[in-house]
Amino acid sequence: MSKKIFSGVQPTGNLHLGNFLGAIKNFVDLNKEKENECIFCVVDLHAITIKQDKGQLQNNIRETAATFIASGIDPNKSIIFNQSKVQAHAEGSWILSCMSPMGWLNRMTQFKEKAGKDKEKASVGLYIYPILMASDILLYDTTHVPVGEDQKQHLELTRDIAQKFNKDFNCEDFLKVPEPLIKKKFSRIMSLKDGLKKMSKSDPSDLSRINLTDTKDDIINKIKKAKTDSFAIPSEEHDLIDRPEAVNLLGIYSSISNQTLVKTLEEFGGKNFSDLKKDLAEVLTNKISPISDEIKKLINDKGYLDNILKQGASKAEEIAGKKIREMKKIIGF
Ligand code: AQP
């Protein structure tokens with residue numbers, strides 16, 4: 001059955017292995033399935049919920065588009081564009097904000113994590129970020145949303161918002177209720193320095209993540225320095241309880257090698273972390289280095305990237321523009 005796919009990545013720099021294994025790798029697979037209609041968005045409106053440098057933002061928008069293409073997304077088959085070029089996203093976000101109860105937003109754990117202790121100083125945009133995300137998804141009649149595990153709660157909110165809109169305005173099935181596509185295993189890649197913390201772009205330590213633009217030497221060095229524990233690698237999954245760093249490294253190895261954790265434990269059970277790290281660095285460099293080389297090549301071709309984004313925005317505008325006009329009619333505008 002054909003799927004309508006929508007997902008986004010923020011152009012906030014330092015795209016990393018977590019973004020790749022949790023989201024972009026799935027985008028590539030979905031893009032390969034002939035019958036799917038895929039839209040991959042550089043969500044620059046989401047990026048400004050936290051202060052961005054103007055010049056850097058522009059580079060990051062191109063770099064995110066370059067990462068999609070370098071990872072294997074075919075821009076002739078999928079729509080690639082940046083969110084701020086299609087007005088319907090912001091307009092839809094406002095409409096949906098007006099019918100979303102604050103109580104629903106107050107439950108969002110990502111806001112709590114990102115706002116930190118000083119919630120009063122966080123932007124209102126950061127607070128309503130999940131509603132903009134709902135608007136992004138719902139404007140395209142999306143059936144499936146591939147994301148990392150950290151976005152599960154936001155997707156549940158999107159489903160609730162769609163259902164509430166349909167009920168409030170008595171327009172059954174107008175907003176399609178999308179399904180999340182979250183991998184059952186290895187859908188949350190953790191920091192290389194702390195197995196309990198998500199690998200993230202904004203972690204001040206560059207050693208905490210593998211960036212998709214890292215060189216071979218960077219990758220080898222970061223894996224060498226990755227935190228482990230003092231026990232040998234077990235052969236059984238249940239012996240990994242309370243060993244988050246071991247779980248993370250074995251999970252990364254399994255995910256990048258497209259194999260189960262059981263198979264990885266068969267390979268490394270009884271061995272030391274130095275053995276795992278050596279092989280992990282190798283599989284990572286084999287996978288990431290060609291992507292990294294391609295990103296660096298594409299990023300120099302600004303004209304090519306800008307053209308892809310422009311064409312993508314024009315196709316996206318056609319779909320989202322039609323939906324927002326229908327939405328406004330339903331409301332009574
Ligand atoms: N560590 C992760 N493991 C698995 N998936 C992840 N994703 C992000 N981090 C991990 C998934 O990547 C997609 C794009 O994410 P994003 O860039 O839009 O925003 P984010 O989730 O806020 O990314 P970061 O790295 O955590 O950024 P900062 O540091 O700014 O907060 C999403 O599908 C996400 O699930």
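**Notes on helix packing and aromatic pairs**

1. Helix H3 (residues 54-71) packs against helix H12 (residues 273-299) at an angle of about 135 degrees, and their axes lie 9 Å apart. That makes H3 oblique to H12; angles under 35 degrees count as roughly parallel, over 145 as roughly antiparallel, 65 to 115 as roughly perpendicular and the rest as oblique. Axes are lines fitted to C-alpha atoms, for helices over the stretch in contact, with angles from 0 to 180 degrees between N-to-C directions. Helices are DSSP runs (H or I) of at least four residues, and strands (E) of at least two, numbered from the N terminus.

2. A word on the source: this is a predicted model, where local features need pLDDT of at least 70 and side-chain atom pairs count only at pLDDT 80 or more, while totals for chains, interfaces and linings use all residues. Residues are numbered from 1 along each chain as its sequence is written, and side-chain values use heavy atoms, leaving out hydrogens and water.

3. Now to the aromatic rings: Phe6 and Tyr140 have ring centres 5.3 Å apart and planes at 15 degrees, so the pair is stacked. Rings of Phe, Tyr and Trp (its six-membered ring) pair if their centres lie within 6.5 Å; planes under 30 degrees apart count as stacked, over 60 as edge-to-face and the rest as tilted. Phe6 sits in strand E1 (residues 4-9) and Tyr140 in the loop between helix H7 (124-138) and strand E4 (144-146), 134 residues apart.

4. Phe6 is buried at 2% relative accessible area, and Tyr140 is buried at 4% (buried is under 20%, exposed over 50%, partly exposed in between, with a 1.4 Å probe and protein chains only). Phe6, Phe81 and Tyr140 form one aromatic cluster.
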